[in-house]
Amino acid sequence: MPDASALARRIGEVALIDQHVHGCWLQPPDRHRFENALNEANTELTDSGFDSQLGFAVRAHCAPIIGLAKHVDPHLYWERRSEFSESELAEMFLRAAGVSDWLVDTGIGSDVADVAKLSALSANRAYEVVRLEQVAEQAAQAPGDYASAFGEILHSRAAAAVATKSILAYRGGFDGDLSEPSAAQVCDAAGRWRDRGGTRLDDRILLRFGLHEALRLGKPLQLHVGFGDRDCDLHKTNPLYLLDLLRQSNDTPIVLLHCYPYEREAGYLAQAFNNVYLDGGLSVNYLGARGPAFIARLLEMAPFRKIVYSSDGFGPAELHFLGAQLWRNGIHRVLRGFVDNDDWSEADALRVVDLVAHENSARIYRLGDRWV
Ligand SMILES: [Zn+2]
């Protein structure tokens with residue numbers, strides 16, 4: 001029987017701020033590329049992407065958006081999907097997500113929607129998140145002193161952006177020294193990197209320099225944590241390795257993204273540090289029917305004013321929608337249990353839904369200043 005409670009209604013209708021997302025495709029993929037986009041970790045997928053939690057979730061939740069029955073056969077899903085242009089699919093899925101604001105990491109993908117296009121396709125607001133490693137690559141190609149060039153590019157790009165982001169997880173991970181390097185160390189390291197061509201930053205000194213520049217900038221700093229593709233040294237992305245950095249950080253908000261399988265460690269850090277926040281995007285999509293258990297773990301240690309929503313959609317617009325749909329289903333399942341057991345009042349559950357859906361992100365990213 002459908003749940004007609006105030007909680008179910010609120011969860012179904014609440015506007016989301018998707019605080020970590022990328023562009024969606026603008027050109028149709030072939031079937032292999034589409035199925036590959038249903039798999040994050042394997043960069044050389046040879047088997048079907050549909051036979052997974054995410055693949056089942058696409059058939060369950062995305063099929064009705066394009067006029068199919070739930071759980072439709074993968075082949076029929078693909079055939080039906082192919083009847084639409086990528087822009088038509090994006091309009092349908094982005095608008096069905098119920099997202100009012102997209103915070104877009106523009107650091108990957110040359111053939112995906114940019115911030116303005118995502119805003120147009122979704123008929124809603126979108127803002128840029130600046131990737132630090134991309135700023136570094138731009139500074140490596142700029143004339144003159146590297147540190148000055150980095151600072152100038154960062155400040156000019158960040159002026160219109162809402163946050164910065166680092167993929168240190170993909171560039172050696174979090175273990176080891178993350179203190180601020182000296183100016184001389186930065187100058188030497190930049191010289192060596194420029195001599196090597198100045199592409200794909202993996203120099204630890206320059207990565208550390210970028211992090212501390214971002215902390216000084218003061219806009220929220222997003223960090224990829226945990227789950228990613230096989231390039232990511234997963235065992236070195238346990239966020240507990242960030243303890244020293246967090247102890248040195250000022251009050252710049254630090255948002256831990258994805259977090260699986262370290263969501264409990266990340267939740268602890270969100271409790272331990274005033275400036276640390278917890279996000280479970282990407283993981284929720286990949287966990288599909290197991291999403292509620294993950295969402296329940298996000299609600300263990302982290303204070304409720306420190307948890308934020310994202311989809312981490314990238315590529316097929318299904319993923320931007322699915323993040324929202326699975327989050328709504330999952331948080332409903334979890335909070336319904338809390339309320340039915342009389343551990344929480346329904347009023348408290350409603351308030352937590354609003355916090356995680358949009359209020360926390362609106363506060364952290366100061367979006368209210370942009371809405372007026
Ligand atoms: Zn991402």
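**Entry 1: the zinc site**

I began with Asp-312, which is buried at a relative accessible area of 10%; buried means under 20% relative accessible area, exposed over 50%, and partly exposed in between, with a 1.4 Å probe and protein chains only. The model is a predicted one, in which local features need pLDDT of at least 70 and side-chain atom pairs count only at pLDDT 80 or more, while totals for chains, interfaces and linings use all residues. Residues are numbered from 1 along each chain as its sequence is written, and side-chain values use heavy atoms, with hydrogens and water left out.

I then looked up what holds the zinc ion: His-20 (NE2), His-22 (NE2) and Asp-312 (OD) coordinate the zinc ion at 2.1 Å. Donors are N, O and S atoms within 2.8 Å of the metal (3.2 Å for Na, K and Ca); water is not among the atoms, so sites may look incomplete. Along the chain, the donors of the zinc ion have the spacing H-x1-H-x289-D. His-20 belongs to strand E1 (residues 16-21) and Asp-312 to the loop between strand E8 (307-308) and helix H15 (317-340), so this pair ties together parts that are 292 residues apart in sequence. Helices (H or I, at least four residues) and strands (E, at least two) are DSSP runs, numbered from the N terminus. I noted that His-20 is buried too, at 0% relative accessibility.

**Entry 2: the sheet**

I traced the strand order next. Eight strands form an open sheet in the order E1-E2-E3-E4-E5-E6-E7-E8, with parallel pairing; two strands pair if DSSP finds at least two bridges between them. E1 and E8 are the edge strands, each pairing on one side only.

I followed the bridges from strand E5 (residues 221-225), which pairs with E6 in the parallel sense over five bridges. Leu-223 has Leu-256 as its bridge partner in E6, and Leu-256 in turn has Leu-278 as its bridge partner in E7. Three bridges join strand E6 (residues 254-258) to E7, and two join E7 to E8, where Val-308 is the bridge partner of Asp-279.

Strand E7 (residues 276-279) is covered on both faces: Val-276 and Leu-278 on one side, and Tyr-277 and Asp-279 on the other, are all buried.

**Entry 3: helix H3 and the cores**

I checked helix H3 (residues 53-62): eight of its ten residues are buried, so H3 is largely enclosed by the rest of the structure. Its buried residues pack against helix H4 (74-81), helix H5 (86-96), helix H13 (283-287) and H15, where contact means heavy atoms within 4.5 Å.

I then listed the nonpolar cores, each a set of buried Ala, Val, Leu, Ile, Met, Phe, Trp, Tyr and Cys residues joined through side-chain atoms within 4.5 Å. The largest has 111 residues, and Tyr-77, Trp-102 and Leu-256 are among those with the most contacts inside it. H15 gives the largest share of this core, eleven residues. A second, separate core of 14 residues includes Ala-163, Leu-257, Tyr-277 and Ile-364.

**Entry 4: backbone geometry**

I found a cis peptide bond from Tyr-260 to Pro-261, with omega near 0°; Pro-261 is in the loop between E6 and H12.

I also recorded two residues with positive phi. Arg-200, a residue other than glycine, has phi near 40° and is partly exposed at a relative accessible area of 42%. Asp-342, also not a glycine, has a phi of about 65° and is exposed at 68% relative accessibility.
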